[in-house]
Amino acid sequence: MPGLRRVLRGIQGLILLGEASQRGVADTLTGKVSPHLACMTGTNRPEPRCVALTGEVGKGVRCSVYEARPSPCRELQPGDEKCNRARSRHGLAPLAAVRTG
Ligand code: SF4
C-alpha cells in the first residue's frame, strides 16, 4: 500500500487510520475522517491548528509528540513549499530551504 500512502499524504495531512497510534500518538489527539483515514485533531479545520502544537505561532512553538509524529509531519521540512505556505497563512516570512538530513 505504499502508493496509496504517498497519495494520501499529499492531501492535507491525512493519515491511515491507526498510523498515529502505532507510532505512539494518543488516540485522543487524532480524529477519524473516514472509515480508513484520520488526521491530527485540529488540522482539518478552516483555520488549522494541530492539538499537539504548543506555544504561540510567530513567537515559539513545538510539537508535543515530535518523536511519534505521523508521516505527513515527517515529510515536511523547514523552508519547503508546505512549510512556507503555512508560515504565509500566519503572516510569517518564508524560510530559506535548509537541509536537515
Ligand atoms: S508536527 Fe506535531 S504539531 Fe505539527 S502537525 Fe504534526 S503532530 Fe501536529
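**A hairpin, an open sheet and a nonpolar ligand shell**

In the hairpin of β4 and β5, three residues lie between the strands, and G58 there takes a positive phi near 95 degrees. Strands here are DSSP runs of E with at least two residues, helices are runs of H or I with at least four, and both are numbered from the N terminus. The model is a predicted one, so to speak of local features takes a pLDDT of at least 70 and side-chain atom pairs count only at pLDDT 80 or more, while totals for chains, interfaces and linings use all residues. Residues are numbered from 1 along each chain as its sequence is written, and side-chain values use heavy atoms, with hydrogens and water left out.

β4 (residues 53-56) and β5 (residues 60-63) pair in the antiparallel sense over four bridges; two strands count as paired if DSSP finds at least two bridges between them. T54 has R62 in β5 as its bridge partner.

The protein as a whole has four helices and five strands, running α-β-α-β-β-β-β-α-α from the N terminus on.

Three strands make up an open sheet with antiparallel pairing, in the order β1-β3-β2. β1 (15-16) and β2 (30-32) stand at the edges with a single partner strand each, so one side of each has no neighbour in the sheet. β2 and β3 (residues 37-40) are joined by three bridges, and G31 finds its bridge partner in C39 of β3.

Now for the helices. P72 belongs to α3 (residues 71-75) and, at 15% relative accessibility, counts as buried. Its C-alpha atom is separated by 7.4 Å from that of L14, 58 residues apart along the chain. Helix α4 (residues 81-89) has its N-terminal end capped by D80, with a side-chain oxygen 3.2 Å from the backbone nitrogen of K82. After α4 comes G91, with a positive phi near 75 degrees.

Finally, the ligand. Around it are M40, C50, A52, L53, C63, V65 and C73, each with a heavy atom within 4 Å of the molecule. By class, this shell has seven nonpolar, no polar and no charged residues; Ala, Val, Leu, Ile, Met, Phe, Trp, Tyr, Cys and Pro count as nonpolar, Asp, Glu, Lys and Arg as charged, and the others, Gly among them, as polar.

Key:
A polar contact is a pair of N or O atoms within 3.5 Å; within protein, one must be able to donate a hydrogen and the other to accept it, and residues adjacent in sequence count only if both atoms are side-chain atoms. Buried means under 20% relative accessible area, exposed over 50%, partly exposed in between (1.4 Å probe, protein chains only).
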